[in-house]
Amino acid sequence: MPFLDRLQRWADDRPDGTAVVVAGQRLSWEELRDTAAGLVPGTPAVTVLSEENSLHFAVAFAAAVAGDRQCAALDPTWPLPLQDSIRDRIRGTVAPAAEAASVPDLADGPPDTPFLIGLTSGTTSVPKAFSRSRRSWQLSFDASVEFFGLHADDKTLAPGPLAASLNLYALAECLYAGSEFHTLARFDVGDAHAAVSHDGITRLVLVPTMLRILSERGLSGGVDASGIRSIICAGSKLDARTLEAARRWAPNATIFEYYGASELSFVSGAGLPPGQQQEQRGTGIGKPFPGVEIRILDDGGVQLPDGADGNICVRSGMVSDGYLWGDDGQALQSFDGWHTVGDQGYLDGGTLHMLGRRSDMIITAGTNVYPHEVELALASVPGVAAAVAAGLADDLRGQKVVAGIVPSHGGVTATQLKAGVEDVLSRSKRPLEYFALAELPLTDRGKLSRELLLDWIARNDPRIRRLG
């Protein structure tokens with residue numbers, strides 16, 4: 001069961017309690033249950049949801065996974081031709097195989113049945129689609145509730161789009177745990193701060209870029225975040241500046257960062273309790289989640305020793321059922337029950353160190369360099385607000401490491417940057433060129449884009465300036 005049986009329980013136990021709040025509008029547990037139940041009889045075997053954040057989204061999603069139904073959530077900002085293409089693929093791939101949803105009640109279907117069609121992000125090509133079973137999400141809920149310490153009296157704010165897997169999971173996780181869930185019509189700093197200040201938010205679920213903005217502007221605007229008890233950040237390891245700002249803005253929060261993937265669910269993570277000094281920032285991303293085993297395997301499936309980098313492979317009941325389409329044989333691989341999405345890393349005393357995607361790897365003069373490691377080193381240099389590294393084509397080396405820097409107040413020079421990473425990065429990993437950026441190169445989903453950085457360099461984009 002993902003969460004519908006739990007929803008029925010909360011609606012019986014505390015019908016008037018708040019279940020979901022979207023942009024200030026509220027649904028009680030009873031209202032959510034009854035409204036969703038009313039939609040179930042007319043809900044098809046496969047539903048494609050494509051809409052902005054709203055109470056209707058939460059209700060429609062609950063109805064769309066009742067019984068043996070399946071649901072796909074599309075980003076409503078994607079171009080209409082792309083959305084139409086995805087709908088056509090779902091009709092051709094999933095709908096014929098799905099049995100008619102005969103259960104007219106708001107109830108969970110059999111644990112091993114598929115219920116969610118997950119989509120990788122994309123704006124120009126058709127995203128890959130994978131399938132998840134109800135059991136995999138129940139195991140994920142149990143692991144994340146335990147790991148993050150989610151309680152029924154928590155009020156979670158996930159300010160991003162519900163169509164994104166991070167926020168959709170947070171909604172369902174709260175419904176499973178009987179905990180109040182909040183989101184916004186769309187991400188807005190002022191609205192997020194208002195929710196923190198006036199709605200009693202105790203828990204944030206968001207990506208690093210959002211945390212950085214909320215923390216820094218919250219500090220400058222005097223927004224009180226002392227009531228926040230936990231911050232769950234996904235997408236990438238937090239850089240030193242974002243972590244420091246979040247610690248100052250929300251001094252009573254345990255700040256969690258974790259590694260996971262849509263196809264694998266949770267893999268490893270760590271929490272920094274309030275008052276605890278942060279260690280020297282590195283690539284470590286914590287210990288395995290409850291119920292998860294981690295190994296580092298080479299491309300032949302052979303286990304590597306501690307300290308040797310290779311494919312991060314996991315074994316758990318939370319892994320997805322695989323791709324419905326778009327599987328090129330590399331995106332999700334399996335070595336005798338150990339699954340990987342191609343992320344590279346190593347183990348050190350049980351702690352997972354995340355280096356990055358193999359596709360992002362820079363090969364310079366025969367040396368493998370992971371840009372994520374370079375970015376973390378640069379982010380700790382005074383005068384750096386944010387950093388992005390990439391491999392630029394080079395006749396001599398094949399590729400050379402270059403870095404874009406968003407300077408903080410006061411700025412930073414190339415000489416200061418070179419000195420700042422001298423004791424952190426080996427010579428082969430240090431950038432050979434630095435560029436000052438007016439803003440980070442981000443995708444429309446807020447993810448760092450190294451390809452866009454290279455494009456800006458090639459086009460001499462006005463948002464970029466070479467540092468001497």
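This report walks through aromatic pairs and charge-over-ring contacts in a predicted model.

## Ground rules

Residues are numbered from 1 along each chain as its sequence is written, and side-chain values use heavy atoms, without hydrogens or water. Because the model is predicted, local features need pLDDT of at least 70 and side-chain atom pairs count only at pLDDT 80 or more, while totals for chains, interfaces and linings use all residues.

## Aromatic pairs around Trp137

Rings of Phe, Tyr and Trp (its six-membered ring) pair if their centres lie within 6.5 Å; planes under 30 degrees apart are stacked, over 60 edge-to-face, and the rest tilted. The count by this rule is 18 aromatic pairs. One of them joins Trp137 and Phe141 edge-to-face, at 5.6 Å centre to centre with 65° between the planes. Both residues sit in helix H5 (residues 134-148), four residues apart, about one turn of the helix; helices here are DSSP runs of H or I with at least four residues, numbered from the N terminus. Trp137 and Phe141 are both buried, meaning under 20% relative accessible area with a 1.4 Å probe, protein chains only.

Trp137 also pairs edge-to-face with Tyr169, at 5.3 Å and 80°. This pair links distant parts of the chain, as Tyr169 lies in helix H6 (residues 165-177), 32 residues apart from Trp137 in H5. Tyr169 and Trp137 are both buried.

## Charges over rings

A charge sits over a ring if NZ of Lys or CZ of Arg is within 6 Å of the ring centre and within 35 degrees of the ring normal. Arg6 lies over the face of Tyr176, 4.0 Å from the ring centre. Arg9 places its charged end over the ring of Trp10, 5.2 Å from the centre.

How values were computed: Helix = DSSP H or I, 4+ residues; strand = E, 2+ residues; numbered from the N terminus. Buried < 20%, exposed > 50% of the residue type's maximum accessible area, 1.4 Å probe, protein only.
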